[in-house]
Amino acid sequence: GGEWEKALQLVNVMRRSKLAFDVFTIGAAICASAKGDEWEKALLLFSVLAEESLELNTILCSAAVSACAKGTKRDYVFHLFSMMVQSKVQLDAATFNTVISAYEKDGVWEEALQLIGVMLQNRVESNIITCNTVASTCGKGGRWEMALQLLSVMSHSEMQSSTTTCNAAISACEKGNKWEEALQLFGRMLQARLEPDSITCNATISSFGKGCEWEKAIQLLCVTQQNNIEPDVLTFNAAVSACEKGCEWEKALQLISVMAWARVEPNL
């Protein structure tokens with residue numbers, strides 16, 4: 001059998017023999033269960049800690065939380081995290097990341113954002129991947145206000161955002177028809193010396209299109225080329241769409257000609 005089975009057998013033998021438990025024995029069994037994706041066994045062993053009046057610690061709780069997350073038992077994840085907070089167990093980055101990911105999968109972005117704030121305020125080791133995950137979810141859902149709040153939390157905590165984080169926030173603004181906010185984020189990226197990529201430009205230009213700001217779309221397309229960012233078919237499509245919505249047919253035709261010059265195959 002797996003390591004978790006051997007660990008569970010050892011615990012059962014100790015219980016039948018009425019041997020005293022210690023936190024290390026139970027901890028090893030919980031960790032083995034977590035690695036074996038056996039969330040039910042991990043919870044069962046976790047309950048033994050309370051029965052034996054053993055003190056909770058970060059490693060044990062993190063292992064149990066991880067096991068429940070792998071088993072997609074997010075209700076248990078939230079319950080265990082609440083227990084850790086109430087018991088004043090020191091929270092580590094791995095636990096925060098697991099709980100934030102669970103919130104994100106449930107679409108509960110407000111709680112995920114609050115936890116990132118708590119994580120950074122308590123100077124727990126920051127994880128840009130976690131922030132990017134939440135930002136990406138906000139981007140896909142068009143939750144532009146939430147995405148901007150995330151960037152604000154990161155800024156106040158002196159955590160450097162990445163191009164990926166900003167791209168997700170700009171995408172959220174684009175889906176929320178907030179071209180001015182998208183443009184401001186683009187400017188902040190340049191000020192922070194973050195390098196925009198084609199994703200940045202595509203989302204920003206697309207936001208201009210939705211706002212019927214065809215002139216800004218063309219200007220940004222020029223900026224893209226000046227900064228050695230290769231525009232792709234999506235970039236041109238967004239700019240052409242902006243001209244179309246602004247009833248600027250001649251400009252749209254000119255852009256299609258530029259596509260041919262740039263050797264970008266149109267798919268319009």
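What is the volume of the largest pocket? About 220 Å³. The model behind that value is predicted. Its protein chain has 15 helices and zero strands. Buried residues make up 46% of the 268 residues in the chain. Among contacts with a separation of 6 or more, 62% join residues 24 or more positions apart.

**Largest pocket**

- The lining consists of Leu151, Met154, Ser155, Met159, Gln160, Ser161, Cys166, Leu185, Arg188, Met189, Ala192 and Leu194.
- Two elements each give two or more residues to this lining: helix 9 (144–156) and helix 11 (179–191).
- By class, eight lining residues are nonpolar, three are polar and one is charged.
- Cys166, one of the lining residues, counts as buried because its relative accessibility is 6%, under the 20% cut-off.

**Nonpolar cores**

- The largest nonpolar core holds 47 residues.
- Within this core, Val77, Leu80, Val99, Ile100, Leu115, Val134 and Leu150 touch the most other members.
- Ile100 is in contact with Ala112, Leu115, Ile116, Met119, Thr130 and Val134, leaving aside neighbours within four places in sequence.
- Two of those partners of Ile100, Leu115 and Val134, are also on the list of core residues that touch the most other members.
- A second, separate core has 22 residues, including Trp179, Ile205, Ala217 and Ala239.

- Pro231 sits in the loop between helix 13 (214–226) and helix 14 (233–245).
- Is Pro231 buried or exposed? Pro231 counts as buried, because its relative accessibility of 11% is under 20%.
- Pro231 touches Leu221, Thr224, Gln225, Phe236 and Val264, not counting residues up to four places away in sequence.
- Along the chain, Pro231 and Met259 are 28 residues apart, and their C-alpha atoms are separated by 9.1 Å.
- Thr224, one of the contacts of Pro231, lies in helix 13.
- At 1% relative accessibility, Thr224 counts as buried.
- Beyond four places in sequence, Thr224 touches Cys201, Ile229 and Pro231.

**Cysteines**

- How many disulfides does a search of the whole structure find? The search finds zero.
- Cys201, a contact of Thr224, is buried at 1% relative accessibility.
- Cys166 is likewise buried, at 6% relative accessibility.

**Loop residues with positive phi**

- Asn177 is not a glycine, yet it has a positive phi of about 60°.
- The place of Asn177 is the loop between helix 10 (163–175) and helix 11.
- Arg193 also has a positive phi of about 60°, and it is not a glycine either.
- Which loop holds Arg193? Arg193 is in the loop between helix 11 and helix 12 (198–210).
- Arg193 counts as exposed because its relative accessibility of 77% is over the 50% cut-off.

Note on methods:
Residues are numbered from 1 along each chain as its sequence is written. This is a predicted model: local features need pLDDT of at least 70, side-chain atom pairs count only at pLDDT 80 or more; totals for chains, interfaces and linings use all residues. Side-chain values use heavy atoms; hydrogens and water are left out. A nonpolar core is a set of buried Ala, Val, Leu, Ile, Met, Phe, Trp, Tyr and Cys residues joined through side-chain atoms within 4.5 Å. Buried means under 20% relative accessible area, exposed over 50%, partly exposed in between (1.4 Å probe, protein chains only). Contact means heavy atoms within 4.5 Å. On a 1 Å grid over the protein atoms alone, a cavity is a set of points where a 1.4 Å probe fits but cannot get out, and a pocket is an open set with protein on both sides within 12 Å along at least five of seven lines; lining residues have an atom within 4 Å of a point. Grid points are joined across faces, edges and corners, and a volume is the space filled by probe spheres set on the points. Helices (H or I, at least four residues) and strands (E, at least two) are DSSP runs, numbered from the N terminus. Ala, Val, Leu, Ile, Met, Phe, Trp, Tyr, Cys and Pro count as nonpolar, Asp, Glu, Lys and Arg as charged, and the others, Gly among them, as polar. A disulfide is a pair of cysteine sulfur atoms within 2.5 Å.
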